[in-house]
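Please look over the sequence and the 3D structure shown here before reading the notes on charged side chains that follow.

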Amino acid sequence: MKMLTVCVLLCAMMALATAQSGPEEQTDLVKRTCRCPCGWTRIRGRCFRYIPYCKRWADAEKYCRCLGGNLASIHNRSPPIVKSQNDQSQKTDLVKKTCGCPCGWTRIYGRCFRYISRPLRWAQAEKYCQRLGGNLASIHSNWQYRSIQRMIKRACHVLRETWIGGSDAQEEKTWLWSDGTRFRFQKWCRGEPNNHLRSQHCLTMNHSACKCWDDNHCWRRKPFVCVRRR
């Protein structure tokens with residue numbers, strides 16, 4: 001059996017809340033509201049998302065599961081109307097205004113965060129976040145930290161060790177955030193940072209069973225969290 005490559009990837013998940021009871025107008029059949037996570041389109045009680053990546057079918061299904069769903073199933077003759085993320089229609093703009101962040105981002109305490117599951121080295125991850133208009137995430141309170149952890153768990157169901165924007169590569173024991181904000185809040189694991197082998201200069205969250213912070217080797221590849229201001 002030939003392995004197929006999926007170049008139009010459509011994921012589906014259940015909506016976070018059901019619609020109000022009663023018949024809906026035809027023009028309201030496709031609703032883009034915050035009942036689905038930002039970046040998803042609500043259609044008849046389920047959330048759909050178009051992913052513009054070329055992947056093998058099995059990899060596409062795994063990607064959708066990481067987002068909390070599966071490859072889309074269709075149950076009537078009218079196919080889902082899901083526009084790509086590049087669509088600049090008025091309806092897409094309304095979602096951005098309603099959710100307070102661009103689609104695909106999560107608003108936490110006035111800033112927009114995004115979990116990227118692709119493992120990269122710390123410097124590569126920072127560059128990736130900059131291309132998205134932000135930086136690796138800075139964290140300034142325990143409440144923010146717990147909120148970011150919940151965002152990660154929604155995405156992949158586990159709390160993986162993840163890069164954030166702290167680094168002391170410029171000067172040992174002088175930790176800085178890559179977005180330029182002040183480094184005040186700290187969530188170090190016991191005995192950290194220890195600069196093991198004198199080469200650990202980048203900050204990971206969700207380390208060990210305590211899910212706290214660790215200084216790590218910057219060349220290791222890990223998923224990461226980006227932050228931007230709306």
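In this predicted model, the side chains of Arg111 and Asp179 meet in a salt bridge, with a distance of 3.7 Å from N to O. This pair links distant parts of the chain, since its two members are 68 residues apart.

- Arg111 lies in strand S9 (residues 111–120), whereas Asp179 lies in the loop between strand S12 (176–177) and strand S13 (202–207).
- Arg111 counts as buried because its relative accessibility is 6%, which is under the 20% cut-off.
- Asp179, with a relative accessible area of 24%, is partly exposed.

**The pair Glu161 and Lys222**
- The side chains of Glu161 and Lys222 also form a salt bridge, at 3.1 Å from N to O.
- This pair too links distant parts of the chain, with Glu161 in the loop between helix H4 (142–156) and strand S11 (162–167), and Lys222 in strand S15 (residues 222–228), 61 residues apart.
- Glu161 is partly exposed, at a relative accessible area of 22%, while Lys222 counts as buried, at 12% relative accessibility.

**A positive patch on the surface**
- Arg118, Arg121, Lys127, Arg131 and Arg221 form a positive surface patch.
- One of these residues, Lys127, has its place in helix H3 (residues 122–131).
- Lys127 counts as exposed because its relative accessibility is 53%, which is over the 50% cut-off.

How values were computed: Residues numbered from 1 in each chain as written. Predicted model: local features only at pLDDT ≥ 70, side-chain atom pairs only at ≥ 80, totals over all residues. Heavy atoms only, no water. Salt bridge = Lys/Arg side-chain N within 4 Å of Asp/Glu carboxyl O. Helix = DSSP H or I, 4+ residues; strand = E, 2+ residues; numbered from the N terminus. Buried < 20%, exposed > 50% of the residue type's maximum accessible area, 1.4 Å probe, protein only. Patch = residues over 30% accessible without salt bridge, like charges linked within 9 Å, V, L, I, M, F, W, Y side chains within 5 Å. Areas by Shrake-Rupley, 256 points an atom, 1.4 Å probe, with all protein chains shown as cover. Lys, Arg positive; Asp, Glu negative; His and termini not counted. Charge placed at Lys NZ, Arg CZ, Asp CG, Glu CD.
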